[in-house]
Amino acid sequence: AQSVTQPDIHITVSEGASLELRCNYSYGATPYLFWYVQSPGQGLQLLLKYFSGDTLVQGIKGFEAEFKRSQSSFNLRKPSVHWSDAAEYFCAVVISNFGNEKLTFGTGTRLTIIP
Amino acid sequence: NAGVMQNPRHLVRRRGQEARLRCSPMKGHSHVYWYRQLPEEGLKFMVYLQKENIIDESGMPKERFSAEFPKEGPSILRIQQVVRGDSAAYFCASSPSRSSGGQDTQYFGPGTRLTVL
């Protein structure tokens with residue numbers, strides 16, 4: 001079965017600093033990959049997704065992610081974080097089964113921004 | 001276009017009571033997924049439904065939990081005889097899946113936070 005690993009439970013960065021959140025997946029084929037963000041007490045908002053094509057994907061709020069097949073990774077990056085980026089970030093994969101696109105999530109990375 | 005709606009947002013039940021969680025998908029979406037988020041954990045898939053059909057319930061506990069998505073009305077996740085371990089946030093997501101292989105995005109509702117006393 002596929003799995004998703006987010007090795008960093010909690011990351012703290014200074015406002016204006018760059019950010020990279022790690023995500024590794026385990027599956028033989030190329031899955032469909034997603035990053036979601038969850039603010040406290042809220043639902044999940046899609047930041048970006050990768051299905052195929054260009055391995056560098058641009059998302060909302062200035063985020064991007066790069067798919068690296070050789071490393072089974074899909075790390076999320078942002079050049080300069082803002083205080084409003086403080087939230088929980090989830091990486092997720094879908095192994096499509098012809099319409100059944102249930103997501104498998106990592107355990108999340110909590111991002112704290114300091115002034 | 002309204003997003004995915006869930007109600008109630010917060011639900012408190014005593015042990016042994018029933019909990020009913022509702023999810024109205026986005027307009028035009030006919031596929032609903034339910035996920036559960038236990039405290040300090042990621043989301044775990046529970047069940048996938050299409051109108052009037054349960055497609056995949058591999059993530060549902062074998063007892064006390066059931067789900068439906070009728071022809072008319074919202075999808076319902078029902079938990080009978082709740083226990084403290086059922087306390088969690090329950091999210092539903094909808095998609096317009098065209099059965100074309102993982103190319104449709106799931107849009108999430110705000111969740112229902114269930115507390116069992």
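1. Lining of the largest pocket. The largest pocket is lined by 21 residues, and those nearest its centre are E88(A), R110(A), Q37(B), E40(B) and E41(B). A pocket here is an open set of points, on a 1 Å grid over the protein atoms alone, where a 1.4 Å probe fits, with protein on both sides within 12 Å along at least five of seven lines; lining residues have an atom within 4 Å of a point. Two or more lining residues come from each of β10 of chain A and, in chain B, β9 (88-95) and β11 (112-116). Strands (E, at least two residues) are DSSP runs numbered from the N terminus. The largest share of the lining, three residues, is that of β10(A).

2. Basis of the model. This is a predicted model, in which local features need pLDDT of at least 70 and side-chain atom pairs count only at pLDDT 80 or more, while totals for chains, interfaces and linings use all residues. Residues are numbered from 1 along each chain as its sequence is written, chains are lettered from A and ligands numbered from 1 in the order in which they are written, and side-chain values use heavy atoms, with hydrogens and water left out.

3. The space in the largest pocket comes to about 450 Å³, a volume being the space filled by probe spheres set on grid points that are joined across faces, edges and corners. Its lining divides into nine nonpolar, seven polar and five charged residues. In this division Ala, Val, Leu, Ile, Met, Phe, Trp, Tyr, Cys and Pro count as nonpolar, Asp, Glu, Lys and Arg as charged, and the others, Gly among them, as polar.

4. Nonpolar cores. The largest nonpolar core has 26 residues, and the members with the most contacts inside it are L19(A), W35(A), L47(A), L48(A), F74(A), L76(A) and Y89(A). Among the elements of chain A that give two or more residues to this core are β2 (10-14), β5 (32-38), β6 (44-50) and β9 (73-78); β10(A) gives the most, with four. A second, separate core has 23 residues, including V4(B), C23(B), M26(B) and A88(B). A nonpolar core is a set of buried Ala, Val, Leu, Ile, Met, Phe, Trp, Tyr and Cys residues joined through side-chain atoms within 4.5 Å. Buried means under 20% relative accessible area, exposed over 50%, and partly exposed in between (1.4 Å probe, protein chains only).

5. Surroundings of L19(A). Neighbours within four places in sequence aside, L19(A) is in contact with I11(A), V13(A), F63(A), L76(A), R77(A), K78(A), V81(A) and L111(A). Contact means heavy atoms within 4.5 Å.

6. Disulfide of chain A. Over all chains, the structure holds two disulfides, each defined as a pair of cysteine sulfur atoms within 2.5 Å. One joins C23(A) and C91(A), with the sulfur atoms 2.0 Å apart; the link is left-handed, at -65 degrees about the S-S bond. Because C23(A) lies in the loop between β3 and β4 (24-26) of chain A and C91(A) in strand β10, the pair ties together parts 68 residues apart in sequence. C23(A) is buried at 0% relative accessible area, and C91(A) is also buried, at 0%.

7. Disulfide of chain B. C23(B) and C92(B) form a disulfide with sulfur atoms 1.8 Å apart, and the link is right-handed, with 65 degrees about the S-S bond. C23(B) is in strand β3 (residues 19-24) and C92(B) in strand β9 of chain B, so the pair ties together parts 69 residues apart in sequence. C23(B) is buried, with a relative accessible area of 0%, as is C92(B), at 0%.

8. Not counting residues up to four places away in sequence, S94(B) touches several residues, among them V4(B), M26(B), H31(B) and Y107(B).

9. N7(B) and P8(B) are joined by a cis peptide bond, with omega about -5 degrees; P8(B) is in the loop between β1 (5-7) and β2 (10-13) of chain B. S72(A), a residue other than glycine, has a positive phi near 50 degrees. S72(A) is in the loop between β8 and β9 of chain A and is partly exposed, at 23% relative accessible area. R64(B), not a glycine, has a positive phi of about 75 degrees. R64(B) is in the loop between β6 (53-56) and β7 (65-68) of chain B and is partly exposed, at 25%.
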